[in-house]
Amino acid sequence: MGDPFPAAGTELTHLLVVSDAEASRRWYEEVLGASVHRSYGGTSVVLSLLGQWLLLVTGGEPTADKPTVTFAPPPDADLVSAEMIFGVADCRTVYDELQGRGAEFLTPPVEYPWEIRAFFR
């Protein structure tokens with residue numbers, strides 16, 4: 001088994017569901033001084049802010065790793081939608097460790113061509 005979670009090198013990405021990725025990007029850049037790391041076709045943008053990653057997305061339908069969950073921006077400015085993402089070296093090992101600690105995952109880890117993911121509540 002690998003290092004216990006969180007192991008050295010573990011990264012944390014903050015995900016926010018927004019109604020307008022471009023307007024949100026501009027606000028985080030101009031108001032908070034974030035820098036753009038990458039943009040994806042107007043639907044999402046990755047920012048670096050205070051040594052942390054911030055991912056702004058415009059939402060989407062359920063996927064294999066969150067089969068009953070749809071990402072949607074808050075319907076009201078007074079409601080908040082946020083998610084924390086932990087980047088780990090071995091998703092399956094951390095899944096087992098965190099599940100053992102009581103984390104409730106939506107599914108076991110799901111493998112995509114670009115990464116392995118597992119969402120927990």
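**Aromatic pairs in a predicted model**

Trainee: OK, zooming out. How many aromatic pairs are there?
Mentor: The count comes to seven.

Trainee: Why do F5 and F86 count as edge-to-face?
Mentor: Their ring centres are 5.4 Å apart and the planes sit at 80 degrees, so the pair is edge-to-face. The cut-off for that label is over 60 degrees.

Trainee: Which parts of the chain does that pair link?
Mentor: Distant ones: F5 is in the segment before β1 (11–17), while F86 is in strand β5 (residues 82–87). The two are 81 residues apart.

Trainee: What about Y112 and W114, how are those rings arranged?
Mentor: Stacked, with 4.9 Å centre to centre and 25 degrees between the planes.

Trainee: Are those two buried or exposed?
Mentor: One of each. Y112 counts as buried because its relative accessibility is 17%, whereas W114 is at 58%, so W114 counts as exposed.

Trainee: Back to F5 and F86. Which aromatic cluster are they in?
Mentor: They form one cluster together with Y95, F105 and F120.

Trainee: New topic: what sits over the ring of F71?
Mentor: The charged end of K66, at 4.3 Å from the ring centre.

Notes. Residues are numbered from 1 along each chain as its sequence is written. This is a predicted model: local features need pLDDT of at least 70, side-chain atom pairs count only at pLDDT 80 or more; totals for chains, interfaces and linings use all residues. Side-chain values use heavy atoms; hydrogens and water are left out. Rings of Phe, Tyr and Trp (its six-membered ring) pair if their centres lie within 6.5 Å; planes under 30 degrees apart count as stacked, over 60 as edge-to-face and the rest as tilted. Helices (H or I, at least four residues) and strands (E, at least two) are DSSP runs, numbered from the N terminus. Buried means under 20% relative accessible area, exposed over 50%, partly exposed in between (1.4 Å probe, protein chains only). A charge sits over a ring if NZ of Lys or CZ of Arg is within 6 Å of the ring centre and within 35 degrees of the ring normal.
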